[in-house]
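User: I am new to reading protein structures. Could you take me through one, feature by feature?

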Amino acid sequence: MKTLIVYTYPNHKSLNYAFLQEVIKGCRENPAIEELQIVDLYEEQFDPRLVFHEHKRRRDMYRDPQLEKYRQQLTWADQIVFVYPIWWGRPPAMLLGYIDQLFASNFAYRDTKGLFPIGLLKGKSVVCVSTMKGPTNYPFLWLNNAHKILMKRALFKFVGMKKVKFFEFGNMESKKGKQQQKLDKVYRYFKKVAY
C-alpha cells in the first residue's frame with residue numbers, strides 16, 4: 001500500500017504536528033505500507049487561491065502544470081491521510097484550496113449526462129485525522145455533522161472514494177483532553193491498517 005499524508009497546520013510545535021508524527025510512525029512500522037509521501041501545505045507554501053481569467057480557465061485546471069506534482073501524488077496513492085484542525089466547523093482554508101484545485105473535473109471526476117459524475121479516484125481509501133477546541137460531539141450535535149458530510153459525501157464519494165475513516169478529536173485545548181491517549185490511538189491504527 002502506498003500512503004500519501006496531506007498535513008495542514010502552520011505550527012510544527014503543535015498537537016496537530018504531534019498527530020502527524022504518530023501517523024508517520026505508525027505507517028513506517030506497518031508492513032502493509034510499502035511507500036510513504038508527506039505533503040506539508042504550509043511548509044510548501046501551497047497557494048490555496050483559485051485564479052481564473054481569460055488565459056486560465058477553470059475547466060482546464062486538471063492540467064495546470066503548477067499542480068502536476070500534487071496530481072501525481074494523488075494518482076500514486078492507495079491511501080490518502082489528511083491531518084488538520086477543524087476551524088469554524090470545517091477544514092482550514094488552505095486545505096479547502098488544495099481540494100478545490102486538485103479534485104478537479106477530468107482528474108478527480110468526469111461529468112456525465114446523468115445526475116452524478118463518474119468518480120475517477122475509485123479504489124482509494126481516505127483517513128481524516130482532525131482536532132478541535134470544542135467537544136468531540138460538537139459537529140454532530142450543533143452542526144448536523146456538517147464536517148463529515150462535507151468531506152465524505154460532498155467530496156470523497158463524489159470522486160469515487162468510498163472507504164473513509166474519521167478521527168475527530170475534541171477538547172484538544174483542555175488539560176482533560178486525553179491527548180496522549182488519542183495520539184496513541186492514531187499510532188495504533190496506522191501501525192495495523194491494511195488496504
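**Rings, sheet and cysteines**

Analyst: We start with the rings. The count of aromatic pairs comes to 11. Keep in mind that this is a predicted model.

User: How are the rings of F46 and Y70 arranged as a pair?

Analyst: Look at the angle between the planes. Planes over 60 degrees apart count as edge-to-face. The planes of F46 and Y70 stand at 90 degrees, so this pair is edge-to-face. Their ring centres are 5.2 Å apart.

User: Which parts of the chain does that pair link?

Analyst: Distant ones. F46 lies in the loop between β2 (35–40) and α2 (68–76). Y70 is in helix α2, and the two residues are 24 apart.

User: Is F46 buried or exposed? And what about Y70?

Analyst: The cut-off for buried is under 20% relative accessible area. F46 has 5%, so F46 is buried. Y70 has 8% relative accessibility, so Y70 counts as buried.

User: What kind of pair do F167 and Y189 form?

Analyst: An edge-to-face one, with 70 degrees between the planes and 5.2 Å from centre to centre. This pair also links distant parts of the chain. F167 sits in strand β7 (residues 163–169), and Y189 sits in helix α6 (residues 179–192). They are 22 residues apart. F167 has 5% relative accessibility, so F167 counts as buried.

User: Which rings join F167 and Y189 in a cluster?

Analyst: Follow the ring pairs. They link F19, F167, F169, Y189 and F190 into a cluster.

User: Where does the charged end of K165 sit?

Analyst: Over the ring of F167, 4.9 Å from its centre. There is also K25, which lies over the face of Y187 at 4.7 Å from the ring centre.

User: Now the sheet. In what order do the strands run?

Analyst: First, the general idea. Strands of a sheet pair through backbone hydrogen bonds, either parallel or antiparallel. Here 5 strands form an open sheet, in the order β2-β1-β3-β6-β7, with parallel pairing. β2 and β7 stand at the edges with a single partner strand each, so one side of each has no neighbour in the sheet. From one strand to the next, the twist averages 15 degrees.

User: How many bridges join β1 to β2?

Analyst: Strand β1 (residues 2–7) is joined to β2 by 6 bridges, and the two run parallel. Within this pairing, Y7 stands opposite D40 in β2.

User: Let us zoom in on one helix residue. What is I24 in contact with, leaving aside its neighbours within four places in sequence?

Analyst: I24 is in helix α1 (residues 15–28). Leaving those neighbours aside, I24 is in contact with I5, L36 and I38. I24 has a relative accessible area of 8%, so I24 is buried.

User: Last, the cysteines. How many disulfides does a search of the whole structure find?

Analyst: A disulfide is a covalent bond between the sulfur atoms of two cysteines. The search finds 0 here. C27 is in no disulfide.

Conventions:
Residues are numbered from 1 along each chain as its sequence is written. This is a predicted model: local features need pLDDT of at least 70, side-chain atom pairs count only at pLDDT 80 or more; totals for chains, interfaces and linings use all residues. Side-chain values use heavy atoms; hydrogens and water are left out. Rings of Phe, Tyr and Trp (its six-membered ring) pair if their centres lie within 6.5 Å; planes under 30 degrees apart count as stacked, over 60 as edge-to-face and the rest as tilted. Helices (H or I, at least four residues) and strands (E, at least two) are DSSP runs, numbered from the N terminus. Buried means under 20% relative accessible area, exposed over 50%, partly exposed in between (1.4 Å probe, protein chains only). A charge sits over a ring if NZ of Lys or CZ of Arg is within 6 Å of the ring centre and within 35 degrees of the ring normal. Two strands pair if DSSP finds at least two bridges between them. Axes are lines fitted to C-alpha atoms, for helices over the stretch in contact, and angles run from 0 to 180 degrees between N-to-C directions. A disulfide is a pair of cysteine sulfur atoms within 2.5 Å. Contact means heavy atoms within 4.5 Å.
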